[in-house]
Amino acid sequence: MTATPDFMQRALAQAAQALFLSNPNPRVGCVIVAPDGRTLLGEGHTQQVGGAHAEVMALRDAAARGNDVRGATAYVTLEPCAHQGRTGPCCDALVAAGIGRVVASLEDPNPLVAGEGFARLRAAGVAVEIGPGAEAARELNIGFFSRMQRGTPWVRMKAAASLDGTTALANGESQWITSPQARADGHAWRAQACAVLTGIGTVLQDDPRLDVRDIETPRQPHVVVVDSRLQMPLAARLWMPGRSCFIYTASDSAAKTQALQALGATVIHLPNAHGKVDLAAMLRDLGRRGLNELHVEAGYQLNGSLMRERLVDELLLYLAPKLLGSGRGICHIGPLAALAEGPELEFHDVARVGPDLRVRARLARRPAF
């Protein structure tokens, strides 16, 4: 007997195609199947912001193939939207097309949707099933869920280190500890983020571009710089046409602010009581600006501050099979008086990337959402 195709897995594969594409919208896939439960009629995924959503793309694909979708089942990885944004409500498009059944992975956490899409489908006589593929769909959109439910992006801190945890020699040399394969993989994680965060120390020492180069991507992530004293060089290499640069500072220098704004930067004054940038307030501000995933590539001082304030969700660590002895570590969080004071993590995923090891670990006691 031939097995029934897993169309939700196919929809999830479609959603994965929006990984580098759809920010700040969620990554959604849709597959439309004939009433016989076996015949694929159309499929699609969310396009760039302002473009069509997954359901509309799948309907267009079915039409292009000459397929009639009346009475068909739509497998979709997130609740069809019910509000008018840059595009029309997807639930209405499905109803208008004559879809008879919708199988969705998750309810949309966006307060503008939050069950309303399902309610409108049911009111129009469309059968609705919720749940298949939920864990994978949420993982694909963990930043979107974080922003909608916590008001802040999902913060992923990336570091490359030797097996004994050294990220740079004492003289600052760090290029390259890990392999080209690991660096390309790191660029893939950059590409899926809404923005890359670094500190002014890294900008002044390394003058990084913080763009995606080692893989193809339809968009470049924005850049965020923590710059308490507003030392950002006007000729820094990270300036790039077509992407936003957010600079968070505790300085009230009007002249430097104007010079940076003239280059297109957005300068946000967010001091804390110690004359540094209020990092927690920065994350809330980035959430209001629509950022889902924040990819941190910073030095051990800023990394340590983020860790100490429990603002990191996930550590993305590449370990090279070499020992470097003394040097700079991943983050400065000590000195600790007791082992229990150290941030506790849980391994999420471990994989080989070329000759290196990629470890993803999540903060164990980060507030749930």
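**Pockets, a cavity and recorded binding sites**

Reader: Leaving aside its neighbours within four places in sequence, which residues is R190 in contact with?

Author: The structure above is a predicted model, and contact here is taken as heavy atoms within 4.5 Å. With neighbours up to four places away in sequence set aside, the residues in contact with R190 are V196, L210, D211, V212, R213, P221, H295 and E297.

Reader: Is R190 buried or exposed?

Author: R190 belongs to helix α7, and its relative accessibility comes to 8%. Since buried means under 20% relative accessible area, a residue at 8% such as R190 counts as buried.

Reader: Which residues does UniProt list together with R190 under the feature "binding site", and which pocket has them in its lining?

Author: The unreviewed UniProt entry gives the feature "binding site" at S174, R190, D206, L210, R213 and E297. In the model, S174, R190, D206, L210, R213 and E297 are taken into the lining of the largest pocket.

Reader: What volume does the largest pocket have, and which element gives the largest share of its lining?

Author: The space in the largest pocket amounts to about 1500 Å³. Two or more lining residues come from each of β6 (154-162), α7 (180-192), β7 (195-199), α8 (200-206) and α11 (300-308). The largest share of this lining, six residues, is given by α11.

Reader: How many residues line the largest pocket, and how do they divide by class?

Author: The lining of the largest pocket is made up of 50 residues, and T198, T202, E297, A298 and G299 are the ones that lie nearest its centre. Sorted by class, this lining holds 15 nonpolar, 20 polar and 15 charged residues.

Reader: What is the volume of the second largest pocket, and which helix gives the largest share of its lining?

Author: The second largest pocket has about 490 Å³ of volume. Its lining receives two or more residues from α2 (54-64) and from α6 (142-150). The largest share, which is three residues, comes from α6.

Reader: How many residues line the second largest pocket, and how do they divide into nonpolar, polar and charged?

Author: There are 27 residues in the lining of the second largest pocket, with N25, P26, H53, H83 and N110 lying nearest its centre. By class, these lining residues divide into 13 nonpolar, nine polar and five charged.

Reader: What is the largest C-alpha distance among H53, C81 and C90?

Author: H53, C81 and C90 are listed by UniProt, in an unreviewed entry, for the feature "binding site". The lining of the second largest pocket includes H53, C81 and C90. They are spread over 38 residues of sequence and yet cluster in space, with a largest C-alpha distance of 9.0 Å.

Reader: Where is C81, and is C81 buried or exposed?

Author: C81 has its place in the loop between β3 (73-76) and α3 (90-97). Apart from residues up to four places away in sequence, C81 touches H53, E55, G88, P89, C90, C91 and V113. With a relative accessible area of 6%, which is under the 20% limit, C81 is buried.

Reader: How many cavities of 30 Å³ or more does the structure hold, and what is the volume of the largest cavity?

Author: The structure holds one cavity of 30 Å³ or more. The residues lining the largest cavity include N23, N25, P26 and R27, and its lining divides into three nonpolar, six polar and two charged residues. The volume of the largest cavity is about 50 Å³.

Methods. Residues are numbered from 1 along each chain as its sequence is written. This is a predicted model: local features need pLDDT of at least 70, side-chain atom pairs count only at pLDDT 80 or more; totals for chains, interfaces and linings use all residues. Side-chain values use heavy atoms; hydrogens and water are left out. On a 1 Å grid over the protein atoms alone, a cavity is a set of points where a 1.4 Å probe fits but cannot get out, and a pocket is an open set with protein on both sides within 12 Å along at least five of seven lines; lining residues have an atom within 4 Å of a point. Grid points are joined across faces, edges and corners, and a volume is the space filled by probe spheres set on the points. Helices (H or I, at least four residues) and strands (E, at least two) are DSSP runs, numbered from the N terminus. Ala, Val, Leu, Ile, Met, Phe, Trp, Tyr, Cys and Pro count as nonpolar, Asp, Glu, Lys and Arg as charged, and the others, Gly among them, as polar. UniProt positions are given in the numbering used here, feature names are shortened, and annotations may be inferred rather than shown by experiment. Buried means under 20% relative accessible area, exposed over 50%, partly exposed in between (1.4 Å probe, protein chains only).
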